[in-house]
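User: Could you walk me through this one? I'd like to start with the sheet and then go on to the helices and the core.

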Amino acid sequence: MTRELCLVRHGHCERSGTLLGQFDAPLTAEGLVQAQALAAQLAGCGAERLVSSDLRRSVQTATALAARLDLSLETDPRLREISYGPWDGLTWAEIERLDPTGAPRKLADWTSWTPPGGESFDVFLARVHDARVSLAAARARLTVVVAHRGVNAVLSGQPLDTFQQDYGTARRVPLL
């Protein structure tokens with residue numbers, strides 16, 4: 001049996017253009033429209049399960065999908081974006097003012113340097129991998145996952161620095 005994930009990035013949200021991380025921003029009006037359009041696009045896709053990050057922007061997107069796909073919505077905090085601690089939800093200019101020594105260190109070594117109070121890249125990878133193992137154990141042929149760019153990159157097996165996915169879009173990947 002072929003099994004797949006349909007990876008959805010949440011719709012456009014407030015504070016887009018910042019280092020969102022785990023900042024719990026709601027969708028904008030544009031994001032709500034994107035969620036409804038995506039729900040219409042995925043109608044009839046054969047999804048058997050719908051799992052979302054528990055952050056508000058993902059839950060709002062997934063709620064639109066749940067109604068259209070006639071699926072119950074499960075949330076999983078392991079599908080949250082990486083936490084940047086006190087940097088979550090800030091612009092880069094704000095981060096440079098807040099942490100003038102840490103900001104250049106992060107830019108120089110994005111995956112190895114963690115802001116104080118943030119989540120290390122290794123912990124993030126392990127958390128998302130654990131979520132993927134749980135998704136695979138459920139045995140659904142097609143699971144829709146509503147999450148974040150970083151999470152979706154890890155779930156797809158693609159490098160974070162080259163993975164691109166616009167707000168309110170979906171892509172299918174094999175679930176091995």
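Predicted model: local features only at pLDDT ≥ 70, side-chain atom pairs only at ≥ 80, totals over all residues.

User: OK, what is the strand order in the open sheet?

Analyst: The open sheet has 5 strands in the order β3-β2-β4-β1-β5, and the pairing is mixed. At the edges stand β3 (73–75) and β5 (170–174), each of which pairs on one side only. On average, neighbouring strands of this sheet are turned by 25° against each other, with direction ignored.

User: How many bridges join β1 to β4?

Analyst: There are 6 bridges between β1 and β4, and these two strands run parallel. Within this part of the sheet, E4 has L142 in β4 as its bridge partner, while R9 stands opposite A147 in β4.

User: And in which sense do β2 and β4 pair?

Analyst: Strand β2 (residues 49–52) pairs with β4 in the parallel sense, over 4 bridges, and R49 is found opposite T143 in β4.

User: Is β4 mostly covered or mostly open?

Analyst: β4 is mostly covered, since 6 of its 6 residues are buried. The burial applies to both faces, with L142, V144 and V146 buried on one side and T143, V145 and A147 buried on the other.

User: Which strands does α6 touch when it packs on the sheet?

Analyst: Helix α6 touches β1, β4 and β5, and its direction makes about 160° with that of β1.

User: Switching to helices, at what angle do α5 and α6 pack?

Analyst: Helix α5 (residues 121–137) and helix α6 (residues 149–156) pack at an angle of about 65°, and their axes are 10 Å apart. The crossing in which α5 passes α6 is right-handed.

User: Which residues meet there?

Analyst: From α5 the contact takes in F124, L125, V128 and R132, which meet G150, V151, V154, L155 and S156 in α6. By type, the residues of this contact divide into 6 nonpolar, 2 polar and 1 charged.

User: Now the core: which residues have the most contacts inside the largest one?

Analyst: The largest nonpolar core has 27 residues, and those with the most contacts inside it are L5, L79, V145, V151 and L155. The elements that give two or more residues to this core are β1 (4–9), α5, β4 (142–147) and α6, with α5 giving the most, at 6 residues.

User: What is L5 in contact with, leaving aside its neighbours within four places in sequence?

Analyst: With those neighbours set aside, L5 is in contact with R132, L135, L142, T143, V145, L155, R171, R172, V173 and L175. Of these partners, R132 also belongs to the contact of α5 with α6, as does L155.

User: And how many residues are in the second, separate core?

Analyst: That second core has 15 residues, including A66, L71, L142 and V146.

User: Last topic: where is G31, and is G31 buried or exposed?

Analyst: G31 is found in helix α1 (residues 29–42). G31 counts as buried because its relative accessible area is 0%, and the cut-off for buried is under 20%.

User: What does G31 contact beyond its neighbours within four places in sequence?

Analyst: Leaving those neighbours aside, G31 is in contact with G11 and H12. As for T61, which lies 30 residues from G31 along the chain, the C-alpha atoms of the two are separated by 7.8 Å.

Terms used:
Residues numbered from 1 in each chain as written. Heavy atoms only, no water. Axes fitted to C-alpha atoms, helices over the stretch in contact; angles between N-to-C directions. Left-handed = near helix turned anticlockwise from the far one by under 90°. Contact = heavy atoms within 4.5 Å. Nonpolar A, V, L, I, M, F, W, Y, C, P; charged D, E, K, R; others polar. Core = buried A, V, L, I, M, F, W, Y, C linked by side-chain atoms within 4.5 Å. Buried < 20%, exposed > 50% of the residue type's maximum accessible area, 1.4 Å probe, protein only. Pairing = 2+ DSSP bridges.
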